[in-house]
Amino acid sequence: MVQLYNLHPFGSQRVVPCKQEPALFCCGQDVLFVASKAASCRVEVFAVREQGRCEALGSFATLGSVLRMAHSSAGVKDESPPTHPLQLELDEFIICQKPVELLGEESKLCEIPVTLESTELPTEDTKHFQVQYLLFRRFAPDQSPFGFCEETKLHSIQLLPVYQTGISATTCEETENKRKLLNLFCFFSLPHVGYLYSIGKLVELISIYQYSEKSEQAVLTPQFLHVITSQNLQCFTVRCSAAAARGEDPYIDTTMKACPPVTLDVCTLRMQLFIGPRAICHFKNHIILLTKADTEDITERRKPTRRMLSRKADSIKSRTNSESEPGWNLYIINTVSTIQLYREMVDYSRTYENVKTESCIHLLSEAHLLIRAAIMDPHFLKSDEKEDLLRAFRESCAFLGDCYSRFDTKDYHLALPYYRMSGLSMTEVLKRLVSEGDEIQTYERGFIFYLTHSLNEDSSEELSKESGNKILQIFYHADPVQLPHILCSPSMRNICPLTAVKYLQKVEKTMPSVVLTLTKAFLALKMGDLTMYEHEMESYRETTLACGFIGQPRLLQQRKEGIVLPTEFAVHLKEMQPGLLVAATVALHENSKIELEEADTFFKMLCNSIENTIPQLLMDFWEALLVVSSKEDILQELLLRVTSQYVWRISRKQLPETKPLKTTEDLINSCSHFGLIVPWVSSIMSVGCSCDKDYCEDISRLQSLLCSQSINIASALPVLEPLTEADNVGLTIRVLCNTHLGKYEEAIDQLLRRCPDALVFYAQHELKGDHQALWWNKLLPELCKRTRLTGNDCPVLISSLRETLSIVAMELELRDFLSLLPEDGTAAFFLPHLLHCSQRKLLA
């Protein structure tokens, strides 16, 4: 499973000048602490300089033998988990248990109690500490392929945090305080296999490491896994940066960005021979390695036929005299710079370019992840290699883009995001992949995929005439169906129209289409060939042409520097079929290809609108956009625009210059922003309405808008102001607005004063739920008072009063109903309602 690439991550190695044989060691803050063997009870301290040079700072005695050493910085509040020793209460060992893996919340099922033991004085924060189970894994000897307990014994376990990229700080302390934890990785190792888990939003196993021989200890870094065996130091690649990158950016696997997968096979970069490796730790770009040769190893080493692995020139071959037995060394091994190893990986990948596609991609992916890990280091912004690393990152993206473009691979679509991340222009990509001359090349799916997406977007890059011709040739041979769409790209505006027409004519013989015909018509106008233009436009019926424009709306697209196509093209469409023009422009706007203001200008220009007037074609566009748009800010803007125009036309008795594409009924049936006109509005309009029937369409549209719940009435009030209460139209608008704003009593007063015929219709529709009490608290007293004043002269009021009494008698208790009746009323008028109320009570 593990692939071997003989690369060299290890640089110079130096011997730490210890006076006594080391037993334990650890690093922190550029200082190396070395505890001597048991009898000494002493710790030596060394400053770690550049290239692994060590300078003795002194030593100090301990009260007894050092059993364990660790260096840690203070925990950061709310950023990283506090460090507390965990005491595992294991009371018994059960033989022959089955292997178990439990992840996340399921790991509580392990039934192993874990208690927190704080090593600091209690504070307010410590009260909130709690144990969270993340991972449980048990290995059982009887299930192991090795068969012995010793072979399945856990010898290394480590938690590795990875922090957010690009944290800027002036000091190490500031970096510690500001950094944000992105992901936590858990690594543990048995003698023959190691496991790497990602502990982010999910807990998952991301890599398994199979060792070629029995391991003694392992240490994980953001870039590598280092493992020691009885004879060598091994280095493996890791997937921490791939997992952390996805945790930092959820959009990393899109057409804009990419990253090699977490599941990529791990690789062995190097096996460095040492005699008797015993312990290892990692610090910055240093590996600290303790070796001790057994007696037989020392004897063998002195034989002339046995040679140690040669070291580099700067290695220190001699070491300080030791008071203990010979055969041990404490080494500081520098790993080579990220850039140097990256270059070596790229060079090595070239040996596979024409032989093993997947091996080439694999190596370049390893190189890319190596750079990613360096960039994700919290100290990256202060690094001397910052610019080199960023340049290498873009270069690695370009190399991967080349691979997915040139090779026939299932992940060919990755050519697009990698090229985008590289910062290369289309012209630069063409130079990398297309040979000069007119010879026909074979182009893989990745390259065509990249070109198609790049040309279909509104890129500001204008290709030269030569590059455009080359692209036409590529698509003619690789994907001729795309040619009409490619020619509509803004990047292809420098293409020779005659050359483009020749290619289209070749494609048309085998694959004719309406979009192809429209594209030829556009090119004909561009060349000034009106005869050819008319011939192409007459090839299809109008309805078919409509489908063509919706399929490629860029043929109608207007840009800031002017309309892409000649004006005659759009004018012809306007005269031929306005609905086609509206549908295509709506498609443009919804796909973010044209702004609302640009579309307005486009329609005004086509209709030769005089200043401050809105052509009906633009109104049709606004109404069509209301049907499909889901953007709230655009919706409110459109609702105010159409409302303002309806009011303008109604108040000025201004008829539209052309017939609207949709009737009010069409809009109500197709658009939720146009509501059903409520019965009381129709009742008002039926009572002596004097409006001209020619304006009824705009009136019903406006009333329909106000009957919906979409429009913001408070914002629309200034727009509605020109419609006064002088006629029934104005009354419906005022009552609708008051109802929307919750001013029901004002609405009732307006109807009592102006149109009592519609009062009961209004109350039945609007006075429900929380507003039902207005029937007896507002409506009944007002009707009684007005009926008393008018007598029998107003039958409408008497009819409304009877209907109101019927409703109130159904809703109130008898005593409450009786208390509402006027003392000076006619008993015969109210008695039937009192009887009805009492009978309802008896029946209940």
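Glutamate 105 and lysine 108 form a salt bridge in this predicted model. Their closest N and O atoms are 3.4 Å apart. Glutamate 105 is exposed, at 53% relative accessibility. Lysine 108 is partly exposed, at 47%. The structure holds 29 salt bridges.

**Salt bridges between separate parts of the chain**

- Lysine 520 forms a salt bridge with glutamate 508, with 2.6 Å between the closest N and O atoms.
- This pair links distant parts of the chain: lysine 520 sits in helix α13 (residues 514–527) and glutamate 508 in helix α12 (residues 497–508), twelve residues apart.
- Lysine 520 is buried, with a relative accessible area of 4%, whereas glutamate 508 is partly exposed at 23%.
- Arginine 734 forms a salt bridge with glutamate 721; here the closest N and O atoms are 3.6 Å apart.
- Arginine 734 belongs to helix α25 (residues 728–740) and glutamate 721 to the loop between α24 (713–720) and α25, so the bridge ties together parts 13 residues apart in sequence.
- Arginine 734 is partly exposed, at 23% relative accessibility, and glutamate 721 is partly exposed at 46%.

**The β11–β14 sheet**

- Four strands make an open, antiparallel sheet in the order β11-β12-β13-β14.
- β11 (156–163) and β14 (203–210) are the edge strands, each pairing on one side only.
- Neighbouring strands are turned by 20° against each other on average, direction ignored.
- β12 (residues 181–189) and β13 (residues 193–199) pair over six bridges.
- Phenylalanine 185 has serine 198 in β13 as its bridge partner.
- Helix α2 (residues 240–248) packs on the sheet and touches β11, β12 and β13. The direction of α2 makes about 150° with that of β12.

Conventions
Residues numbered from 1 in each chain as written. Predicted model: local features only at pLDDT ≥ 70, side-chain atom pairs only at ≥ 80, totals over all residues. Heavy atoms only, no water. Pairing = 2+ DSSP bridges. Helix = DSSP H or I, 4+ residues; strand = E, 2+ residues; numbered from the N terminus. Axes fitted to C-alpha atoms, helices over the stretch in contact; angles between N-to-C directions. Contact = heavy atoms within 4.5 Å. Salt bridge = Lys/Arg side-chain N within 4 Å of Asp/Glu carboxyl O. Buried < 20%, exposed > 50% of the residue type's maximum accessible area, 1.4 Å probe, protein only.
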